[in-house]
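This report describes the salt bridges and the overall architecture of the structure shown below.

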Amino acid sequence: MKIAICPGSFDPVTLGHLDIIERAAELFDEVIVLVMSNKSKKTSLFTIEERIDLLKRTVHSKNVKIDTYDGLLVNYAEQKGAVAIVKGLRAMSDFEYEFQQALTNKSLYPKVETIFLTSEGKNMFLSSSMVKEVCTLGGDISSFVPKEIINDIYKRCKGDQQND
């Protein structure tokens, strides 16, 4: 069985994330969407548990599982027997950072490959940070996030803040 991991903070999950997850699900026997905390971000809109719930409500492929891990990604990949880490790329600026990560991961765990999937053109600009900014300033995010969770995001942006 070929297992892939789609890691990210997913704070919140966007249509861009879902596109990458669904496409990965077509390529691998099992895809684990791994919700991780991003230490470089000072605050989170949703807790890890809330992000897992949001993903469970929006990911519909039967071969996708959702999990969380607070350690080194390659350690998790080795524990699960994953053959690939799937990363979405939006722009060239994403590639430089992700390429460094891929080389580091490969040196730490040579059995895992990093697979880059490019975002659809309509999602090239989309990020969780952009969604949070637009939402907090009262903008329309309906074309950025899944309809199943849009009210959760609006509610949180209006002041019901949570931190990890």
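Glu120 forms a salt bridge with Lys122, their closest N and O atoms lying 3.9 Å apart; the term denotes a side-chain nitrogen of Lys or Arg within 4 Å of a carboxyl oxygen of Asp or Glu. Glu120 is partly exposed, at 34% relative accessible area, whereas Lys122 is exposed, at 60%. Here buried means under 20% relative accessible area, exposed over 50%, and partly exposed in between (1.4 Å probe, protein chains only).

The model is predicted: local features need pLDDT of at least 70 and side-chain atom pairs count only at pLDDT 80 or more, while totals for chains, interfaces and linings use all residues. Residues are numbered from 1 along each chain as its sequence is written, and side-chain values use heavy atoms, with hydrogens and water left out.

The count of salt bridges comes to ten.

| Pair | Closest N to O |
|---|---|
| Glu50 and Arg156 | 2.9 Å |
| Glu120 and Lys122 | 3.9 Å |

The salt bridge between Glu50 and Arg156 joins helix α2 (residues 48-58) to helix α6 (residues 150-157), so it ties together parts that are 106 residues apart in sequence. Glu50 is partly exposed, with a relative accessible area of 24%, while Arg156 is buried at 7%.

Lys87 is buried at 18% relative accessible area, and Glu98 is buried at 12%. Beyond these pairs, a network of salt bridges links Asp11, Arg51 and Lys132.

The chain carries 21 positive and 23 negative side chains, and the centres of the two sets lie 1 Å apart. Lys and Arg count as positive and Asp and Glu as negative, without His and the chain ends; each charge is placed at NZ of Lys, CZ of Arg, CG of Asp or CD of Glu.

Six helices and five strands make up the elements of the chain, taken as DSSP runs numbered from the N terminus (helices H or I, at least four residues; strands E, at least two). Their order from the N terminus is β-α-β-α-β-α-β-α-β-α-α. Of the 164 residues, 46% count as buried. The C-alpha trace spans about 45 × 30 × 30 Å along its principal axes.
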